[in-house]
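Here is a short briefing to read alongside the model. Keep the 3D view open as you go through the points.

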Amino acid sequence: MKKILGMGASIALAVSVLVTGCSKTPEASPSAAASVAPAATAAAATPTPEAQKPVTLKFWGGVPPESGPQDAVDAWNKANPNIKVEYTRYVNDDPGNLKLETALLSNTDAPDIYMNYGDAYMTKRQAAGMAEPLDDLIAKSGFDVEGIIGAANIKKFADGKYYYLPANKNLGAVLFNMKALDAAGEKLPTAWTWDDFSAMATKLNKGAMKGTMLDPALGWFGDTVLQTAKPQDWVIAADGTSNFNSPAMKKGLEMQKSLEDKGVMMKYSEAVAGKITVQNELLTSKAAMMASQIYIIRYIKDIKSFPHDFKVAFAPYPQFTAGSNINPGGGMGDYMSINKNSKNKEASMKFISWYLQEGNMSMVPGGRIPTNKKADAGKIASILIGDAKDLIDEASLKALLAGNYTFPTSYNVPVPTELRAIFKDEMEKYLLGAQPLDKALDTMKTRADTTIKGAKK
């Protein structure tokens, strides 16, 4: 529910448009994940005629199977022999999303259930007829939307219907290498602004270790700072035109280029060419802190792929206005939808109902927090840390989980994919030195306003 121009996560206009990127690196052992996934008996208690006939459901998502999805599917399959689920991982990037959409339109091997990462992808697929309206299926299954997730946390589309149910509650955070923080004589921030962030990055910039970084596939500071200034439909101004000329957008882009020019963070062009990732830069001590999400926990615990001996601590996101508590990269995510062309919609809804109430506890070791309001928060914190107390700062993680945040949403943004492309195009020209900031913002707004106006005709 968060981002049309940012990160899943991190942070991004797709970040929300966001998303969250998923790596191919394994993280949680099957035994750890299986221990938190209750037996999937309740969902199979009263099979419908459709479910009585053995079926196989194809379930596509962006998380590597070994990072939780396979444990959830195995638990379900063990208790539901008549409704077998097969999990397929697709990479949550542009080629991967195209692969998913091609499969959804296919007559063979199409997924029945699939995850969407961000409002833009969900909006696009709903408009293209790739998603089944869920209201009747929800009623038939008895799934309590308000009691389990909260209706306010789920977008209803123009026809007043649900087309997805969120499975993951994202929490954005700034992750710190505690050794670097201690060496600089700095304390972990608990409430700070973007000016504080910039100053901290400069202080932490030592030798080969950059002060901060961004994964350019997931987000950019212009979009992220804008979200902390206007969390609701941040790319749209009050008059319905684009908000790309906002002072917050200017501040974010200016800050990013300034940090790049001073050598405090890798230049955008180098980051794109090197396909850098948050986990690699943080856990190989190439960067001291970075704005991301708590899904990085799965990489912190994967010392085989990322050997390191320092603790990682978690701070809340910096704010545009001091005293705010907006969480970019946070909010509801992992939107579960049913393919409109699926021949097993009721069986698919049964699996989704179980997954949202029990199954996605298997995802906790990888840093994904269930949307179920009844999930045990203390247990979640304990599972996230596991046996990695020497690698994860427990006090800062618990404080982050206990926070009361405003999450950015983008329910009412027209043509989100087009706006994201415009933003990225003009932003890149500025970061690469091809145009000054004021021209970038003016061009961005002019192009976006024209696109919005055209969409309303």
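Predicted model: local features only at pLDDT ≥ 70, side-chain atom pairs only at ≥ 80, totals over all residues.

**Cavities, a pocket and a sheet**

Residues are numbered from 1 along each chain as its sequence is written, and side-chain values use heavy atoms, with hydrogens and water left out. Helices (H or I, at least four residues) and strands (E, at least two) are DSSP runs, numbered from the N terminus.

**Cavities**

- On a 1 Å grid over the protein atoms alone, a cavity is a set of points where a 1.4 Å probe fits but cannot get out, and lining residues have an atom within 4 Å of a point.
- The second largest cavity holds about 50 Å³ of space, a volume being the space filled by probe spheres set on the points, which are joined across faces, edges and corners.
- Ten residues line the second largest cavity, and N168, N170, Q293, Y295 and G367 lie nearest its centre.
- The lining of the second largest cavity divides into three nonpolar, five polar and two charged residues; here Ala, Val, Leu, Ile, Met, Phe, Trp, Tyr, Cys and Pro count as nonpolar, Asp, Glu, Lys and Arg as charged, and the others, Gly among them, as polar.
- The largest cavity has a volume of about 60 Å³, and its lining includes M213, W220 and Y268.
- Both α11 (247-261) and α12 (268-274) give two or more residues to the lining of the largest cavity.

**Pocket**

- A pocket is an open set of points with protein on both sides within 12 Å along at least five of seven lines.
- The second largest pocket has about 480 Å³ of space, and among its 21 lining residues K169, I369, P370, A377 and L401 are the closest to its centre.
- Helix α16 provides the largest share of that pocket's lining, four residues.

**Sheet and salt bridges**

- Six strands form an open sheet in the order β2-β1-β3-β8-β4-β9, with mixed pairing; two strands pair if DSSP finds at least two bridges between them.
- The edge strands, β2 (83-89) and β9 (369-370), each pair on one side only.
- Strands β1 (residues 55-61) and β3 (residues 113-116) run parallel and are joined by two bridges.
- A salt bridge (a side-chain nitrogen of Lys or Arg within 4 Å of a carboxyl oxygen of Asp or Glu) joins K58 and E86 at 3.4 Å, N to O.
- K58 lies in strand β1 and E86 in strand β2, 28 residues apart.
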